[in-house]
Amino acid sequence: MSDARLAAIARHCRVQIIRMLTHAGSGHPGGSLSVIDILTTLYFGRMRYDARRPDWPDRDRLVLSKGHCVPALYAVMARAGYFPESDLITLRKLGSPLQGHPDRIALPGIEAATGSLGQGLSISVGLALGLKLSAAPARVYCILGDGETQEGQVWEAAMSAPKLGRPDHPLDNLCVILDYNKIQLDNFVAKIMDLEPVVAKWQAFGWPVLEIDGHDTDQINKALDQAEATRGAPTFVVAHTVKGKGVSFMENDPEWHGKAPKPAEAIRAIREILGIGEAAWDDYLKTDPATRAIVDELAALETK
Amino acid sequence: MAAKASRVAFGEALLDLGARDERIVTLDADLSKSTMTARFAKACPDRAFNVGIAESNMIGIGAGLALTGRIPFVCSFACFVTGRFETIRMSVAYTNANVKIVGTHSGIAIGEDGYSQMGVEDIACIRALPNIPVIQPADELETKQAVAYAVEHAGPLYLRLTRQSLEPVCPADYRFQLGRWLVLRPGHDVTLVGTGGPLFNCLGAAKLLEADGISAEVINAASIKPLDEELLLGSAGKTGHVVTVEDRSDASASRASASRATRGASTPSTASTPPGSPRASGSS
């Protein structure tokens with residue numbers, strides 16, 4: 001089950017992901033749509049932060065190690081008040097703080113520059129250790145891509161996190177979530193370099209492992225509760241997700257890993273995300289001026 | 001002062017500074033007895049972390065610690081730590097994380113362990129990255145000052161240290177400054193720019209040249225990035241000849257920098273980038 005409020009925010013953010021990628025003309029819709037329910041659950045009810053004070057020392061940290069899916073993070077951050085939603089269409093534009101991959105210097109609220117895959121977990125371990133040493137109450141959330149865990153540095157970090165800081169400062173303030181959408185750039189993960197058995201691997205490295213549906217916000221919340229209650233070790237959450245979730249023609253298709261929709265495709269995607277039938281679409285738009293504006297803006301791109 | 005390896009001086013400075021500054025932490029990859037952080041680890045076990053033989057993870061954890069206000073020294077042999085270039089590029093340089101990267105066992109002067117343990121490409125690698133100054137002290141006095149500077153410097157830096165003992169070369173009143181070089185011996189016929197271990201050899205060469213009636217000016221280029229262009233150009237303008245002496249591979253480092261800095265100056269210079277060598281990129 002998904003909480004209605006979170007589901008509405010996630011729908012809104014999915015629309016914004018499609019919108020910004022279409023304006024940019026490039027980017028990664030598949031993984032952004034697979035991770036958005038996780039990010040929505042974290043930012044709207046779980047994490048402690050102050051969008052007006054992104055450097056608040058006791059804030060919870062989110063490291064999006066799969067940095068290419070940063071459109072999802074931008075959508076959530078805009079909704080949370082870090083910057084106006086109108087900035088989203090500057091994604092990937094020269095000079096915009098909304099770079100194609102997260103840039104911590106350019107955009108306050110981004111905790112780590114990522115996108116060169118495999119590095120975010122080490123940074124998260126360092127953040128968690130530093131916060132423990134300072135006795136800060138903050139938690140660290142790290143989101144890994146599935147293909148990303150083929151990188152060797154991930155396993156160096158995986159080996160270290162359950163051990164570092166013990167016995168006085170175990171990293172139980174760290175929760176790692178795997179966005180297991182089963183697709184990477186070139187093809188299905190299982191066809192490129194299979195990760196299985198994922199749960200057994202992380203357990204063998206010393207992590208308590210939970211397995212959930214990464215689109216069910218109740219399950220996500222329950223896992224995050226359990227991680228927060230766990231003492232003495234960091235927690236690993238395997239979130240089974242669907243690449244391109246919410247857009248029928250993007251779901252489970254490796255083609256949509258790193259390709260922006262054309263305006264007409266984007267409008268269809270938005271209609272599907274909002275769950276409106278084709279016949280009812282025009283009437284619906286009369287009742288939803290915000291979506292109408294986004295659709296008009298996208299339609300105008302077509303004629304450019 | 002007696003001869004001392006700069007890695008040993010580093011270990012002593014760390015022990016001293018670390019005892020007084022709670023922000024300082026060390027990270028090692030199973031070489032703490034060689035990087036000389038072991039004594040700090042014994043004195044301050046809560047702030048010393050050995051991650052095992054996993055340099056990329058060590059650097060990344062250092063970046064995370066830095067982002068919580070700690071001052072991490074991530075330490076290994078120069079070749080092993082800078083060999084994790086991609087992690088340094090993203091997690092330290094692009095992030096501008098306040099990580100102090102320490103590479104010991106630099107150069108061919110490590111001797112019998114051979115190439116696999118020699119840091120000879122490290123300067124070229126790190127110099128190519130944004131935000132990271134490169135410092136190579138030449139003796140115990142300068143090393144201790146450079147370590148103190150590293151703690152105060154807001155941002156990452158790379159400290160290049162030696163395995164072998166170094167004779168004292170800096171005067172007792174010397175004060176290290178980033179981007180400032182020091183004339184150790186004035187002269188007017190040729191400029192010898194040395195950095196780190198080979199500086200002592202430069203001073204020896206200057207004495208031999210003096211016997212031949214050639215007056216050599218010897219400069220300590222501890223700050224490899226940024227260079228002291230003003231001092232270099234002034235000396236080059238005076239002597240008309242610049243020779244750089246370094247312990248690193250041919251295609252890297254200060255000769256290319258010096259060449260770039262002196263190119264366009266009105267003085268003749270023997271310091272030029274050899275054919276096929278990459279040209280210096282960036283002056284700071």
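Student: In this predicted model, how many bridges join E1(A) to strand E2 of chain A?

Tutor: E2 covers residues 140-145 of chain A, and E1(A) runs parallel to it. One spot to look at is A:Leu62, which sits opposite A:Tyr141 in E2(A). The number of bridges joining the pair is 4.

Student: Which strands of chain A stand at the edges of the sheet, and why is one side of each left without a neighbour?

Tutor: Start with the order, which is E1-E2-E3-E5-E4 in an open sheet of 5 strands with parallel pairing. An edge strand here has a single partner strand, so one of its sides has no neighbour in the sheet. From one strand to the next, the twist averages 20 degrees. The edge strands are E1 (61-64) and E4 (209-213).

Student: What angle does the direction of helix H4 of chain A make with that of E2(A)?

Tutor: Find H4 at residues 120-133 of chain A, packed on the sheet. Helix H4 touches E1, E2 and strand E3 (174-180). Its direction and that of E2(A) make an angle of about 170 degrees.

Student: Which helix of chain A lies across E3, E4 and E5?

Tutor: Strand E5 is residues 235-240 of chain A. The helix you want spans residues 217-229 and runs at about 165 degrees to E4(A). That's H8.

Student: And over in chain B, what percentage of the residues count as buried?

Tutor: Chain B has 11 helices and 13 strands. A residue needs 20 or more other C-beta atoms within 10 Å of its own to be buried. Out of 284 residues in chain B, the buried share is 59%.

Key
Residues are numbered from 1 along each chain as its sequence is written. Chains are lettered from A and ligands numbered from 1 in the order in which they are written. This is a predicted model: local features need pLDDT of at least 70, side-chain atom pairs count only at pLDDT 80 or more; totals for chains, interfaces and linings use all residues. Two strands pair if DSSP finds at least two bridges between them. Helices (H or I, at least four residues) and strands (E, at least two) are DSSP runs, numbered from the N terminus. Axes are lines fitted to C-alpha atoms, for helices over the stretch in contact, and angles run from 0 to 180 degrees between N-to-C directions. Two residues are in contact if their C-beta atoms, placed from the backbone, lie within 7 Å. A residue is buried if 20 or more other C-beta atoms lie within 10 Å of its own, exposed if 12 or fewer, and partly exposed in between; C-beta atoms are placed from the backbone.
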